Amino acid sequence: MRVVHGVSELQEWRRSQLGRSVGFVPTMGALHAGHASLVKRSIAENSATAVSIFVNPSQFAPGEDLDEYPRTLEADCALLESLGVDLVFAPKTSEMYPQGIPLDTREQRGAFVTVLGVSEMLEGRTRPNFFRGVATVVTKLLNIVGPDVAYFGQKDVQQFIVLQTMVRELFTPTVLVMMPIVRDASGLALSSRNRYLSPESLEIAASLHRGLLVGADLLTSKTPRPHHDEITAAIRALWQPFVDSGDFEVDYVSVARWGSLAELDSEEAHKQDTGDNTRVVISCAVYVRDRSLAATRVRLIDNVIVSATA
């Protein structure tokens with residue numbers, strides 16, 4: 001396995017792969033079994049697989065955890081080599097952003113990518129420049145690597161929808177594949193940020209998934225189909241004891257159409273018919289308090305995708 005840090009080195013490798021299919025997995029490192037599932041799928045489906053490890057500053061706002069974000073390059077590379085990855089791209093920030101990348105967007109210079117219509121709600125409401133940063137860095141990485149297929153995890157479902165819109169409308173010749181969420185035995189979605197929480201708080205955090213399953217069951221089993229507010233109320237009811245105890249602070253709960261991410265039953269959902277009115281994304285973001293260190297709160301996201309009649 002080769003580890004390269006420069007764009008020119010990676011592009012030299014890519015030219016040596018002409019005529020072979022190349023799969024690509026972009027990551028921010030601190031790899032876990034969820035990342036490994038993407039890598040294994042790429043290796044199974046392509047002649048060569050590249051993985052990037054880059055903690056992207058442009059998707060962090062001032063005051064977020066950019067400096068504290070876990071960086072475990074040596075362990076990540078050992079895992080990727082054991083899986084059979086061909087190349088790891090681990091660039092410095094100056095390589096990806098030659099003009100520098102201050103976190104204050106008013107001070108940023110250079111080219112940035114914005115995907116309007118699916119970036120402003122949910123994660124985009126709490127983190128208004130997040131998807132601008134994601135779309136920008138993924139555009140750069142796809143241009144550098146030139147993969148045939150790129151693999152992403154369902155846990156970041158809004159990110160996938162944003163990027164799918166981006167590659168379609170910018171005519172980027174890369175196919176995007178979304179892989180299912182990998183969960184631990186309790187049902188908690190694997191995340192690099194889980195390591196910030198104590199075992200006791202991780203056990204409590206598993207209730208995020210249980211709440212979403214309550215909403216999914218209600219949506220798919222009740223006739224006539226329950227209204228959006230009834231579904232979100234059922235989810236919040238399961239979480240209420242943890243809200244009362246201070247363990248949870250709910251940022252949002254969403255029940256939205258796939259593709260447009262317009263909330264179910266809203267006027268916007270009726271206006272934006274994406275051609276797929278059967279898939280519904282039930283998602284959430286919740287701040288989870290670490291009981292071993294009460295001042296620490298970790299923002300976790302999760303989702304389930306279900307089929308429901310229009």
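Q: Let's start with V286: which residue of β9 does V286 stand opposite?
A: In this structure, which is a predicted model, V286 stands opposite L300 in β9.

Q: And which helix packs on that sheet, touching β9?
A: That is helix α9, residues 207-221, which touches β7, β8 and β9 as it packs on the sheet, and its direction makes about 25° with that of β9.

Q: OK, what is the strand order in that open sheet, and how is it paired?
A: The sheet is built from three strands in the order β7-β8-β9, and the pairing is antiparallel. Since β7 and β9 stand at the edges with a single partner strand each, one side of each is left without a neighbour in the sheet. On average, and with direction ignored, neighbouring strands of this sheet are turned by 10° against each other.

Q: How many bridges join β7 to β8, and how many does β8 share with β9?
A: Strand β7, residues 248-257, is joined to β8 by nine bridges, while β8 and strand β9, residues 297-307, pair over eleven bridges. As examples of facing residues, Y252 has A285 in β8 as its bridge partner, and S283 stands opposite N303 in β9.

Q: What holds strands together in general, parallel or antiparallel?
A: Strands of a sheet pair through backbone hydrogen bonds, and this holds for either sense of pairing.

Q: Is β8 mostly covered or mostly open?
A: Strand β8, residues 279-289, is mostly covered, with nine of its eleven residues buried.

Q: Which helix lies across β7 and β8?
A: Helix α10, residues 228-244, lies across those two strands and runs at about 160° to β7.

Q: I clicked on T232; where is it, and is it buried or exposed?
A: T232 has its place in helix α10, and it counts as buried because its relative accessible area is 10%, where the cut-off for buried is under 20%. If its neighbours within four places in sequence are left aside, T232 is in contact with V253 and V255.

Q: How far is T232 from F152?
A: Their C-alpha atoms are separated by 27 Å, and the two residues lie 80 residues apart along the chain.

Q: New topic: what is the order of the six strands in the other open sheet?
A: The order there is β1-β4-β3-β2-β5-β6, and the pairing is parallel. The edges are taken by β1 (2-4) and β6 (175-179), each of which has a single partner strand, so one side of each is left without a neighbour in the sheet. Neighbouring strands are turned by 25° against each other on average, with direction ignored.

Q: Which residue of β4 does A50 stand opposite?
A: A50 stands opposite L87, and the strands concerned, β3 (residues 48-53) and β4 (residues 87-89), pair in the parallel sense over three bridges. On this sheet packs helix α7, which touches β5 (149-153) and β6 and whose direction makes about 170° with that of β6.

Q: At what angle do α6 and α7 cross?
A: The axes of α6 (residues 130-145) and α7 (residues 157-169) come within 10 Å and cross at roughly 55°, which makes α6 oblique to α7. The crossing is right-handed. Among the residues making the contact are F130, F131 and V134 of α6 and V162, L163 and M166 of α7. Sorted by class, this contact has ten nonpolar, three polar and no charged residues.

Q: And how do α1 and α6 cross?
A: Helix α1, residues 7-15, and α6 have axes that come within 8 Å and cross at roughly 50°, which makes α1 oblique to α6. The contact is made by V7, L10, Q11 and R14 of α1 together with N143, I144 and V145 of α6. By class, that contact has four nonpolar, two polar and one charged residues.

Q: Where does the cis peptide bond with omega near -5° run from and to?
A: It runs from T223 to P224, and P224 has its place in the loop between α9 and α10.

Terms used: Residues numbered from 1 in each chain as written. Predicted model: local features only at pLDDT ≥ 70, side-chain atom pairs only at ≥ 80, totals over all residues. Heavy atoms only, no water. Buried < 20%, exposed > 50% of the residue type's maximum accessible area, 1.4 Å probe, protein only. Helix = DSSP H or I, 4+ residues; strand = E, 2+ residues; numbered from the N terminus. Pairing = 2+ DSSP bridges. Axes fitted to C-alpha atoms, helices over the stretch in contact; angles between N-to-C directions. Parallel < 35°, antiparallel > 145°, perpendicular 65-115°, else oblique. Left-handed = near helix turned anticlockwise from the far one by under 90°. Contact = heavy atoms within 4.5 Å. Nonpolar A, V, L, I, M, F, W, Y, C, P; charged D, E, K, R; others polar.
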